[in-house]
Amino acid sequence: MDDSELASWLERLQEESFRQGGRAVRTSYPPERRMTGAQLAGYLQRRSYALASSTRPDGRAHAAPTLFTIHAEAFWLPTIGGAVRLRNVEANPWLALSVLEGEHDTHAAVLTEGPAEVLTTVPEDVVRATEERNTGGTLDWATAWLRMTPQRLFSFAEHAWQETK
């Protein structure tokens with residue numbers, strides 16, 4: 001997926017998410033504070049880590065930072081075997097990702113969620129792209145992967161953040 005395809009997909013996903021969202025969502029994320037498709041693509045391509053939130057089998061929340069890559073309209077997360085998030089996704093196949101930066105008038109956020117699955121093999125393109133995002137570090141430790149196919153995506157960017165992008 002090239003940059004323009006990524007931007008187009010993210011923009012469509014965000015527009016549909018806001019269309020389906022209620023009044024509280026539209027109030028919390030006013031149109032003038034949302035990122036454009038190009039801004040979403042650029043932001044998510046330069047950010048390497050997200051906070052992944054899942055639900056434990058007993059219903060308690062679990063959140064942990066994770067490396068991520070976007071490929072084929074999905075978010076791919078390398079994971080070590082035996083990680084809590086693997087058991088969580090197996091029990092409750094849903095994942096939310098939060099990608100945040102900045103403070104106060106320069107902060108921005110992308111929130112996305114969708115069904116997730118545990119995989120033990122992934123396309124080689126995903127591994128290579130994730131290693132690049134990991135500043136060339138090996139992913140030998142990644143014995144499992146989570147693939148989250150987003151159904152909702154929301155962004156928020158303060159005006160000062162938008163002026164710098």
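Modeller: Helix α5 gives the largest share of the lining of the largest pocket, with four residues. Helices here are DSSP runs of H or I with at least four residues, strands are E runs of at least two, and both are numbered from the N terminus. This is a predicted model, where local features need pLDDT of at least 70, side-chain atom pairs count only at pLDDT 80 or more, and totals for chains, interfaces and linings use all residues. Residues are numbered from 1 along each chain as its sequence is written, and side-chain values use heavy atoms, with hydrogens and water left out.

The largest pocket holds about 290 Å³ of space. A pocket is an open set of points on a 1 Å grid over the protein atoms alone, where a 1.4 Å probe fits, with protein on both sides within 12 Å along at least five of seven lines; lining residues have an atom within 4 Å of a point. The volume is the space filled by probe spheres set on the points, which are joined across faces, edges and corners.

The lining has 14 residues. Met1, Gln45, Thr69, Ile70 and Ala129 lie nearest the centre. Elements giving two or more residues are α1 (3–20), α3 (37–46), β3 (69–71) and α5.

Now to Thr130, in helix α5 (residues 124–133). Thr130 is buried, at a relative accessible area of 0% (buried is under 20%, exposed over 50%, partly exposed in between; 1.4 Å probe, protein chains only). Beyond neighbours within four places in sequence, Thr130 contacts Leu67, Thr69, Pro78, Leu139 and Trp145 (contact means heavy atoms within 4.5 Å).
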